[in-house]
Amino acid sequence: MVDPRSMASSRTEVLVNDYVRSVYNWMCIGLALTGFTAYFVSNSPAVMQLVFGNRLLFFGLIIAELALVFSISGMVNRMSAGTATGLFVLYAGLNGVTLSFIFLVYARASIVSTFFICAGTFLACSIYGWTTKRDLTSIGGFLVMGLIGIIIASLVNLFIRSSGMSMVISYIGVLVFVGLTAWDTQKIKNMALSQPAGLDAGVIRKGAILGALSLYLDFINLFLMLLRIFGGGRD
């Protein structure tokens with residue numbers, strides 16, 4: 001005779017695995033789109049001139065990216081799954097456009113090596129966040145405060161232009177985004193475990209997109225911080 005509890009446990013495990021797989025799949029899609037777009041734009045002098053030769057357009061793209069992040073994060077429950085997915089893909093594409101400058105500043109070999117360092121660090125932090133028995137909620141507020149501090153310090157450094165301050169921000173940024181990766185992974189795990197059976201597929205997709213956005217932002221920012229530390233300039 002089949003044990004109903006065993007069947008329920010097996011069904012829950014399948015749902016959790018499907019949900020988590022969807023989160024990481026969409027995160028990887030976003031990263032791939034960003035990387036492809038950045039590489040394509042960096043190899044098009046006309047597009048580079050259009051984007052970085054026009055400050056109004058460049059800052060317009062930055063504002064559009066921020067608006068997309070806040071829209072997805074704050075209004076995902078009021079969107080359709082298709083809209084949330086489309087906005088995430090659009091954000092990843094726009095981010096690729098604005099990040100294309102790294103191919104002009106850093107050597108490509110340096111970008112590739114830093115990417116693998118970032119990927120390994122991200123994977124280790126994500127595994128820790130998934131497997132640890134410690135509740136990371138307590139450090140979440142501290143990490144968010146650290147993130148706000150990094151943003152403020154970065155804005156100040158736009159005017160000061162201190163290389164020393166930039167390096168300090170980068171090292172602190174690595175620590176903050178390492179912690180955020182583990183924290184966000186644990187949140188996604190808890191969200192996956194709390195998914196009720198029979199939940200609408202659209203709702204699940206929106207949750208996966210939201211989780212993918214969080215991990216995507218952690219990866220991108222960790223990569224940029226590491227690139228400032230390890231990245232070698234172009235000859």
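How many positive and negative side chains does the chain have, and how far apart do the centres of the two sets lie? In this predicted model, the chain carries 15 positive and 9 negative side chains, with the centres of the two sets 6 Å apart.

The fold is built from helices: the chain has nine of them and zero strands, so that, read along the sequence, its pattern is α-α-α-α-α-α-α-α-α. The radius of gyration is 19 Å, which agrees with the value near 18 Å that a compact globule of 235 residues would have. Taken along the principal axes, the box filled by the C-alpha atoms is roughly 70 × 35 × 30 Å.

Of the contacts in the chain with a separation of 6 or more, 85% are between residues 24 or more positions apart. Buried residues account for 39% of the 235 residues, while the accessible surface comes to about 13,100 Å², with 69% of that area belonging to carbon and sulfur atoms.

The cysteines can be considered next. A disulfide is a covalent bond between the sulfur atoms of two cysteines. With a cut-off of 2.5 Å between cysteine sulfur atoms, the count comes to zero disulfides.

| Cysteine | Nearest cysteine sulfur | Distance |
|---|---|---|
| Cys28 | Cys118 | 12 Å |
| Cys125 | Cys118 | 9.4 Å |

Methods: Residues are numbered from 1 along each chain as its sequence is written. This is a predicted model: local features need pLDDT of at least 70, side-chain atom pairs count only at pLDDT 80 or more; totals for chains, interfaces and linings use all residues. Side-chain values use heavy atoms; hydrogens and water are left out. Helices (H or I, at least four residues) and strands (E, at least two) are DSSP runs, numbered from the N terminus. The radius of gyration is taken over C-alpha atoms; the globule rule is 2.2 Å times the number of residues to the power 0.38. Buried means under 20% relative accessible area, exposed over 50%, partly exposed in between (1.4 Å probe, protein chains only). Contact means heavy atoms within 4.5 Å. Accessible areas come from the Shrake-Rupley method with a 1.4 Å probe; for residues, only the protein chains shown count as cover. Lys and Arg count as positive and Asp and Glu as negative; His and the chain ends are not counted. The place of a charge is taken as NZ of Lys, CZ of Arg, CG of Asp or CD of Glu.
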